[in-house]
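Let's walk through this structure together, one neighbourhood at a time. Keep the viewer open and turn the model as you read.

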Amino acid sequence: MDVLVINGPNLNTLGTREPEIYGATTLADIEAGLVTQGQSAGLSVATFQSNHEGEIIDRLHAAREDGTRFIIINPGAFTHTSVAIRDAFAAVAIPFAEVHISNVHAREEFRKHSYLSDLAVGVLTGFGPDGYTMAMSYVIERFSKE
Ligand code: DQA
């Protein structure tokens, strides 16, 4: 698998969840768009969503075994809480982009800190679902240079 897209807790409810913040696009729409975008550039794309911290960690460990070359992750609220997911990224050493639909810096104070950002290649926050598309565009460009 070339690219793994991970979405964390509550992102399975996109489309109905606080639409004034997160919009009307569903996670299924986002995932389908990313698979098409990646495939049109010759990349294989896997998607994964979980509401459980340990399952995300297990999926990261599996990514090292299945040859995943890049990860696009919206860690949801685990962004602000999870030393364990940070440690998993450090352990597997797969480059990743951190995506947030909303601008976390324009919201509550506790959303301004991420346990992942300093390990990420880059962070996209506040561009709505386009943040995922931008991250995939980056991956396509990056791989074209390898
Ligand atoms: C989010 C921002 C997080 O603070 C929040 O907990 C989420 C979604 C976003 O995509 O804007 O669940 O990651």
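A residue is called buried when its relative accessible area is under 20%, exposed when that area is over 50%, and partly exposed in between, using a 1.4 Å probe and counting protein chains only. What you see is a predicted model, in which local features need pLDDT of at least 70 and side-chain atom pairs count only at pLDDT 80 or more, while totals for chains, interfaces and linings use all residues. Residues are numbered from 1 along each chain as its sequence is written, and side-chain values use heavy atoms, with hydrogens and water left out.

Let's begin with the aromatic rings. Rings of Phe, Tyr and Trp (for Trp, the six-membered ring) form a pair if their centres lie within 6.5 Å; planes under 30 degrees apart make the pair stacked, over 60 edge-to-face, and the rest tilted. Searching the whole structure gives two aromatic pairs. For Phe89 and Phe96, the ring centres are 3.9 Å apart and the planes meet at 25°, so this pair is stacked. Is Phe96 buried or exposed? Phe96 counts as buried because its relative accessibility is 2%, and Phe89 is buried too, with a relative accessible area of 2%.

Leaving aside neighbours within four places in sequence, Leu119 is in contact (heavy atoms within 4.5 Å) with Arg86, Phe89, Ala90 and Phe96. Leu119 counts as partly exposed, because its relative accessibility is 32%. Its C-alpha atom is 16 Å from that of His100, 19 residues apart along the chain.

Now turn to the ligand. Which residues are around it? They are Arg17, Tyr22, Asn74, Gly76, Ala77, His80, His100, Ile101, Ser102, Val104 and Arg111, each with a heavy atom within 4 Å of the ligand. Oxygen atoms of the ligand lie 2.7 Å from an N or O atom in the side chain of His80, 2.8 Å from a polar backbone atom of Ile101 and 2.6 Å from a polar side-chain atom of Ser102. Taken alone the ligand exposes 320 Å², and the protein buries 99% of that; these areas come from the Shrake-Rupley method with a 1.4 Å probe.

Arg107 lies in the loop between strand 4 and strand 5. Its side chain makes a polar contact of 2.9 Å with that of Tyr22, and another of 2.9 Å with that of Ser102. A polar contact is a pair of N or O atoms within 3.5 Å; within protein, one must be able to donate a hydrogen and the other to accept it, and residues adjacent in sequence count only if both atoms are side-chain atoms.

Gln37 is in helix 2 (residues 27-40) and counts as buried, because its relative accessibility is 15%. The side chains of Gln37 and Ser137 are joined by a polar contact of 3.1 Å. Gly131 belongs to helix 5 (residues 130-144), and is buried because its relative accessible area is 0%. Not counting residues up to four places away in sequence, Gly131 touches Val99 and Leu124.

Terms used: Helix = DSSP H or I, 4+ residues; strand = E, 2+ residues; numbered from the N terminus.
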